[in-house]
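Good morning, and thank you for the time. I would like to walk through one structure, beginning with the terms and then turning to particular residues.

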Amino acid sequence: MSAQIKIEVKNLSKQYGNVHAVNDVSFSVGDREVLGFLGPNGAGKTTIMKILTGFHFPSGGTAMIDGIPVDEKPLEIKKRIGYLPENVPLYGDLTVDEYLNFTAEAYGIAKQNRQKAINSSLEACALTSFRTRRIETLSKGYRQRTGLAQAILHDPPILILDEPTTGLDPNQIIEIRSLIKELGKRKTVILSTHILQEVEAICSQVLIINDGKIAAQGRPEEIAGSIKGGDTWELVLKYTGENAQDIIKEKLSALGNLSSISVNSLENQLINAAFFIPALDNNENTDEHIFDWAVNNGIKILEMNRKKLSIEDIFVKLTKDGQEQI
């Protein structure tokens, strides 16, 4: 994580009557990091974003932007944040230029600085040639770009984007993701999404939320290691003895406490074996452990592949199968 913390959340909670929308959530985001909020619909992602932007106040805990509590100085917070809600509030009868002029005035940008700010945001969002077009005539992708242009108009150090690619076609999604990734090189970004590929394409850190609580956080590979503590391996083996398939399956027990074991015969005395092996307790490398096992049992390894958990595997395990203890 970057040395400078831009967003810090501690024990955050939000209740609506008897409903706990957010329950004891803590995390931090460093300067120029892109944090992906990943979770099913209704998990609490939007509620947290509205608290961070000063639209809602927390029921408990604290949320700080640049060291400023969001519930104490909401106007100061809004100056430091660019916010793109899921449903972008655009005025279709205005041109892009007119809309950004209106937004610049609302942000309190000095009149002599407005045109420069508008030109800069138009350029960043590839909208310069659309500035005189009425918003209602734009495609959904370019309306989304217009929403991003208003979010960065006052050059905030932090961007909070709620489902920014919802409803876009595949080409528009690629364009918006590329734009967000580029903005993440200069700004701190929180990106809420339930699209798994979005996280893999854009985010440096992931925070998985389920039922208002954090199910996991960190880099995807860190989360994967914490959840399962091992890897799935697939081997192509050569063994010349009789009943090779059954013997290989029996000999695999010497490798340790394996699970998800699959052994199948191939042509020319080859065997395909796949299994999950937990992380070893000592400092021994798992691949060396597997090689030693093969040598000791007179088995030749022709191919060996290790498969790590994908973000999709992680998401399903934490939000469908139940939260793991990590």
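What you see is a predicted model, in which local features need pLDDT of at least 70 and side-chain atom pairs count only at pLDDT 80 or more, while totals for chains, interfaces and linings use all residues. Residues are numbered from 1 along each chain as its sequence is written, and side-chain values use heavy atoms, with hydrogens and water left out.

I turn now to the salt bridges. The term denotes a side-chain nitrogen of Lys or Arg within 4 Å of a carboxyl oxygen of Asp or Glu. How many does a search of the whole structure find? The search returns 12 salt bridges.

One of them joins Glu-136 to Arg-134, with the closest N and O atoms 2.4 Å apart. Glu-136 is partly exposed, at 48% relative accessible area, and Arg-134 is likewise partly exposed, at 39%.

Another pairs Asp-155 with Lys-187, at 2.8 Å from N to O. Asp-155 sits in the loop between helix H5 (140-152) and E7, and Lys-187 in the loop between H6 and strand E8 (188-193), so this pair ties together parts that are 32 residues apart in sequence. Helices (H or I, at least four residues) and strands (E, at least two) are DSSP runs, numbered from the N terminus. Asp-155 is exposed at 57%, whereas Lys-187 is buried at 5%.

In a further bridge, Arg-177 meets Glu-198 at 2.7 Å, N to O. Arg-177 belongs to helix H6 and Glu-198 to helix H7 (residues 196-202), so parts 21 residues apart in sequence are tied together. Arg-177 is buried, with 17% relative accessibility, and Glu-198 is buried, with 1%. There is also a network of salt bridges linking Lys-6, Asp-66, Glu-76, Lys-79 and Arg-80.

Next, the backbone. Which residues other than glycine have a positive phi? Asp-24 is one, with phi near 60 degrees; Asp-24 is found in strand E2 (residues 19-30) and is partly exposed at 48%. Glu-163 is another, with phi near 50 degrees. Glu-163 lies in the loop between strand E7 (158-162) and helix H6 (170-183), and is buried at 5%.

Finally, helix H1 (residues 45-52): six of its eight residues are buried, so H1 is largely enclosed by the rest of the structure. Gly-54, which follows H1, has a positive phi near 85 degrees.

Key. Buried means under 20% relative accessible area, exposed over 50%, partly exposed in between (1.4 Å probe, protein chains only).
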